[in-house]
Amino acid sequence: MKNTNKAAKILEQLSPKPMPSEIKERILLKARQKKREYGTLSPAYRALFGISLILLLVVLLSDLVIRKNECRYLVSVMNGQQVSEDTLEEGLKEMTDGLINSEDESYLNQWLARHYRRHKKHGRLRNYQDVLDILKEEINGT
Amino acid sequence: MKIEEALDSLGDKLYNYLTIKLGSPQDAEDVLQEVFCRLIRYKLRFRLIRNPSAYLFQMARNEAADFLRKRKRGQKIRYPEEEFSKVIKDSLKGPDQKALDKASEALAKIPDKQREVIVLKFFEQLTFEEIARVCGVPMGTITSRYRYGMEKLRKTMEGRDEKYE
């Protein structure tokens, strides 16, 4: 080790030259450019994002349309239009089973809407209030 | 540590290390650019690490290895000794021009692995532990490389002195 002291002493006198400032600037510029690239979406991700957005919009719109139709239908039922007698008889058992532990009228309305839609084409309809009364009687066992 | 801070504090040392390792300032710039671009990608990891200096040197070393692999398809590049010695001389500074000439000539002659340890130790001021981490080898290997490298440097320098006397 003693023999290498001379070489070490020479090396200790030396130090690295500073990097030229233009190289530093170029490196920073390129790094910032990359940073911007990473900040934005790549074409593949952009396409994926676009497709997802379209799908989401389709789902939301279809949900809106379905909901609107249901509302329109419920309103028509609530306005005194009639419900099919067949529908009522057919669904009564299901209804009483479903409502035996529930006193929620929204469930009842949903049921009515569903069955009304299915059977409205038969033309044999019954008044909504009558249906409601019958069902309530069934549920309450009176 | 932020990217700009890293470039300010370690940029010179990294550039110097890469210049001597690759034997070309232009290649050193390309590789260093790649290192900092990669750093942007791993900026969170870089902020979390304890020793940014060793991490950056390790990254630079890996990038340099990739660079050489891509360019020469695995073949080792051999620069003419005089040319390489000039590159080393241009990347260093010192009060004594004669000592600078002597050291750069001797450094160009020793094996790459030994030169790397000596450069990291003397010019980039890394500890043996850090050099071992950068090179991915045990510390014992690093100290041996250092010892053999220094011995060869001494012999080369003495031989040069004898030649000029």
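This is a predicted model: local features need pLDDT of at least 70, side-chain atom pairs count only at pLDDT 80 or more; totals for chains, interfaces and linings use all residues.
Residues are numbered from 1 along each chain as its sequence is written, and chains are lettered from A in the order in which they are written.

**Core**
- The largest nonpolar core has 49 residues, and Leu14(B), Leu18(B), Leu32(B) and Ala60(B) touch the most other members.
- Helix α1 (residues 3-22) of chain B supplies the largest share of this core, 8 residues.
- Domain 1 (3-72) and domain 2 (97-164) of chain B each contribute at least three residues to this core; the bounds come from an automatic or database domain assignment.
- A nonpolar core is a set of buried Ala, Val, Leu, Ile, Met, Phe, Trp, Tyr and Cys residues joined through C-beta atoms within 7 Å.
- Buried means that 20 or more other C-beta atoms lie within 10 Å of the residue's own.

**Fold**
- Chain B has 9 helices and 1 strand (DSSP runs: H or I of at least four residues, E of at least two).
- Their order along the sequence is α-α-α-α-α-β-α-α-α-α.
- Of the 165 residues in chain B, 39% are buried.
- Of the contacts in chain B between residues at least 6 apart in sequence, 67% link residues at least 24 apart.

**Confidence**
- The average pLDDT of chain B (per-residue predictor confidence, 0 to 100) is 84, with 90% of the residues scoring at least 70.
- For the complex, the predictor gives an ipTM of 0.76 and a pTM of 0.61.

Notes: A residue is buried if 20 or more other C-beta atoms lie within 10 Å of its own, exposed if 12 or fewer, and partly exposed in between; C-beta atoms are placed from the backbone. Two residues are in contact if their C-beta atoms, placed from the backbone, lie within 7 Å.
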